[in-house]
Amino acid sequence: MNKKIWLSSPHMSGNEMKYIQEAFETNWIAPLGPNVTEFENTLQIYLGENNYVAALSSGTAAIHLGLILAGITQGDEVLCQTFTFSASANPIAYLGATPVFIDSESDTLNMCPKAMEEAIIDRIAKGKKPKAIIVVDSYGMPAKWDEISAIAKKYSIFLLEDAASALGSTYKNQKCGTFGDIGILSFNGNKIITTSGGGALVAKTKEIKDKAVFFATQSRDNAPHYQHSEIGYNYRMSNIVAGIGRGQMEVLEDHIALRRAMHDFYMAYFKDIQGVTVFTEPTADYFSNHWLTAILVNPGQTGGKTREDLRLALDAANIESRPLWKPMHLQPIFANDPYYGGTISESLFQNGLCFPSGSNLDDNDRNRIKSALDDFFKA
Ligand SMILES: *Cc1c(COP(=O)(O)O)cnc(C)c1O
């Protein structure tokens, strides 16, 4: 059997081991140390002025702490994009708060500003103003930040940007991860850069970053003994994995260029295929890192061939692909939570597919993908 072509697999620069080696040689085998500090500094410089980064154990941990910093507690309501990975919404439940799910729009596949404002107005009318909003840059595509930020500001609601997969993407030249009151990044194994597992919280002031680090290190008060006035968490990034992050930051721009080249490859291939749309930037304001290339299949125009037929055909050729996110409001665990919007996210799930998009795919892989697509669409 030929080797499996993955959707998105880790891609090392070669320097990661050097930083891990340094950690061993200096015995910084702990959830703090020079690699953590340097990784945070590099990210801060990358994101630009007035961004303060706390390196954490995962993107999920960053969302959890972000909601705590937003003051979310038991019984609060948090608006959340429905078209996302479950990790965007789970931390709402950790806090005993209620997620209110919102549909996407079809330009960026992210939070629909119109449905979002309708939900805010309706929740207020029902007697409960939402306390925070979680907006995602799905598959690396920036959300409609101008509209979304304006609405959040109009109603004075805390905005959390889930930029887990959008490091390096920009909207009007501003980097994703910096649009909310707090942003979060993920360095999970399948993301654009990885630390094997890890994440970061992006704060607007050093005080908020320091507070995130305080929560992430068990909320220790300033005392020689262990003294605690607040509930703490063990969410700090290890100095070992931060070494991987340092090595990965050196190749971030290369990884973005290579993922964008994969997207170009699919755009070129599907130019002449009826019934398949490759999802791309709606205007020049948007720059996506194209973490994953996503397509929509319209069986009415493909001679009845569906997204699932395509997925199975690729699977038979040992090529991984995956349906787009199953919306959170359709997940059994969130079935009883409120939902606002129409059926856009639902139809994205029905007809959408993500293709192999890794920065480590080569010509041989692209030829195999092309021939599997030829067999499916042209045979
Ligand atoms: C990966 C991902 C997360 C979670 O990040 P982890 O580091 O895996 O905890 C959250 N939201 C989105 C949209 C993601 O893609």
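This tour goes through the domains, the ligand site and the cavities of a predicted model.

Residues are numbered from 1 along each chain as its sequence is written. Local features need pLDDT of at least 70, side-chain atom pairs count only at pLDDT 80 or more, totals for chains, interfaces and linings use all residues, and side-chain values use heavy atoms, with hydrogens and water left out.

**Domains**

Start by colouring 16–251 as domain 1 and 253–377 as domain 2; such bounds come from an automatic or database domain assignment. The C-alpha centres of domain 1 and domain 2 are 26 Å apart. Domain 1 gives 46 residues to the contact and domain 2 gives 35 residues, where contact means heavy atoms within 4.5 Å.

**Ligand**

Now show the polar contacts, meaning pairs of N or O atoms within 3.5 Å. At Gly59, a backbone N or O atom lies 2.7 Å from an oxygen atom of the ligand. At Asp162, a polar side-chain atom lies 2.7 Å from a nitrogen atom of the ligand. At Lys191, a side-chain N or O atom is 3.2 Å from a ligand oxygen atom. On its own the ligand has 380 Å² of accessible area, and the protein covers 93% of that (Shrake-Rupley method, 1.4 Å probe).

**Cavities**

The whole structure holds two cavities of 30 Å³ or more. A cavity is a set of points, on a 1 Å grid over the protein atoms alone, where a 1.4 Å probe fits but cannot get out; lining residues have an atom within 4 Å of a point. Volume is the space filled by probe spheres set on the points, which are joined across faces, edges and corners.

For the largest cavity, of about 40 Å³, select lining residues including Ser9, His11, Lys191, Gln248, Arg259 and Ser359. Its lining has three nonpolar, seven polar and two charged residues, with at least three from each of domain 1 and domain 2.

Finish at the second largest cavity, of about 30 Å³. Among its lining residues are Tyr139, Met141, His263, Phe279 and His290. That lining divides into five nonpolar, four polar and no charged residues.

Terms used. 1 Å grid on protein atoms, 1.4 Å probe; cavity = no way out; pocket = protein on both sides within 12 Å on 5 of 7 lines; lining within 4 Å. Nonpolar A, V, L, I, M, F, W, Y, C, P; charged D, E, K, R; others polar. Polar contact = N/O pair within 3.5 Å; in protein donor to acceptor, adjacent residues only side chain to side chain.
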